[in-house]
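Welcome, and please open the model in your viewer with the sequence panel beside it.

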Amino acid sequence: MRVLSTIIIFGYLTSCSKANTDKDSEEVKIINQHFLELVGTNWYYEAPPIPPVPLSEESTREDSLRFLEESLEYGDLIENPQLDTSTLKIYLHDTLTTYKADAFLERMLSHNNFEANFPVDTTWIKLVEKLNHIEEPKAFDIKQITETGNYTIVTESEYNDTSDHKRRVGIMTNSRIAFSLDYKRGVFYYDFTCGGLCGWGSIVFIEKQKGAWKIVGERQMWVS
């Protein structure tokens with residue numbers, strides 16, 4: 001009888017350990033699956049030039065026809081962007097971080113504020129709170145992120161290397177994922193920095209639909 005009890009307990013602990021391992025590995029799989037969706041493809045194209053200075057603000061400009069021509073050329077470049085053929089570098093942090101709510105987010109987690117500010121219903125509040133209580137970051141191998149489209153994932157030193165004449169797109173960080181108890185929902189945070197005044201950070205809501213994780217909502221928490 002004691003042997004049977006030991007076997008049952010061992011089997012239970014083993015199954016729990018396997019479930020936790022599966023969820024841990026699923027975090028990176030989810031980031032990989034939605035990497036391109038989160039980053040977007042705007043950087044596939046050459047960066048547009050600086051727009052013409054408004055005629056009213058250009059004290060030295062006398063040729064309004066030349067200004068009109070420059071404006072039309074700029075508009076055409078915006079409407080018909082050219083594909084960038086250079087290597088597009090993204091530095092991806094190799095650790096899934098923790099995410100701690102600030103006072104702004106705490107206020108938004110009341111039912112009324114959540115309904116007014118988030119693209120999902122209030123049943124997600126507890127999952128956002130759970131995300132806030134994850135204490136341990138987790139390192140991962142960035143080689144597992146393969147669904148990167150035209151982007152190339154590089155290390156920090158490679159990203160900061162300006163001698164290779166490759167285009168630096170931005171820096172991406174992802175948090176751990178807070179899963180619901182039934183493992184059908186998840187919430188995580190990510191941010192993307194593309195310059196001194198370029199970047200954003202968002203809370204992402206995912207749901208398992210027909211066996212696949214889908215992004216069902218995203219709430220931008222800051223933008224620069």
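Before you select anything, note that contact here means heavy atoms within 4.5 Å. Keep in mind too that this is a predicted model.

**Stop 1: the whole chain.** Colour by secondary structure and you will find six helices and nine strands. Of the 224 residues in the chain, 36% are buried. If you take the contacts between residues at least 6 apart in sequence, 65% of them join residues at least 24 apart.

**Stop 2: Phe188.** Select this residue and display what surrounds it. Leaving aside neighbours within four places in sequence, the contacts of Phe188 include Ile30, Ile31 and Leu38. Leu131 is also in contact with Phe188, as is the run Asn174, Ser175, Arg176 and Ile177. Ser202, Ile203, Val204 and Ile206 complete the list.

**Stop 3: the largest nonpolar core.** Which residues have the most contacts inside this core? They are Ile90, Tyr151, Met172, Phe188 and Phe192, in a core of 30 residues. Now colour by element: α1 (2-39), β1 (88-92), β4 (151-154), β5 (167-174), β7 and β8 each supply at least two residues of this core. The largest share comes from α1, with six residues. Next, select Ala101, Val128, Leu131 and Phe205, which are among the 20 residues of a second, separate core.

**Stop 4: helix α5.** Select residues 125-132, and highlight the buried ones: Ile125, Leu127, Val128, Leu131 and Asn132. Turn the view to look down the axis of α5; the buried residues fall within an arc of 165°, so they line one face of the helix. An α-helix has 3.6 residues a turn, so residues three or four places apart point the same way. What lies over the buried residues of α5? The cover includes α3 (103-108) and α4 (111-117), along with the strands β6 (178-179), β7 (185-195) and β8 (198-209).

**Stop 5: Thr173.** Move to strand β5, where Thr173 lies. Is Thr173 buried or exposed? Its relative accessibility is 14%, and with the cut-off for buried at under 20%, Thr173 counts as buried. Draw a distance between the C-alpha atoms of Thr173 and Thr97: they are separated by 7.6 Å, although the two residues are 76 apart along the chain. Beyond neighbours within four places in sequence, Thr173 is in contact with His93, Thr97, Tyr189, Tyr190 and Asp191.

**Stop 6: two positive phi angles.** Select Tyr183, in the loop between β6 and β7. Tyr183 is not a glycine, yet its phi is positive, at about 60°. Tyr183 counts as buried, at 18% relative accessibility. Then jump to Lys210, in the loop between β8 and β9 (212-223). Lys210 also has a positive phi without being a glycine, at about 55°. Lys210 is exposed, with a relative accessible area of 89%.

**Stop 7: the largest pocket.** Finish with a surface view. The largest pocket has a volume of about 270 Å³. How many of the lining residues are nonpolar, polar and charged? Eight are nonpolar, two are polar and two are charged.

Methods:
Residues numbered from 1 in each chain as written. Predicted model: local features only at pLDDT ≥ 70, side-chain atom pairs only at ≥ 80, totals over all residues. Heavy atoms only, no water. Buried < 20%, exposed > 50% of the residue type's maximum accessible area, 1.4 Å probe, protein only. Helix = DSSP H or I, 4+ residues; strand = E, 2+ residues; numbered from the N terminus. Arc of directions from axis to C-beta. 1 Å grid on protein atoms, 1.4 Å probe; cavity = no way out; pocket = protein on both sides within 12 Å on 5 of 7 lines; lining within 4 Å. Points joined across faces, edges and corners; volume = space filled by probe spheres on them. Nonpolar A, V, L, I, M, F, W, Y, C, P; charged D, E, K, R; others polar. Core = buried A, V, L, I, M, F, W, Y, C linked by side-chain atoms within 4.5 Å.
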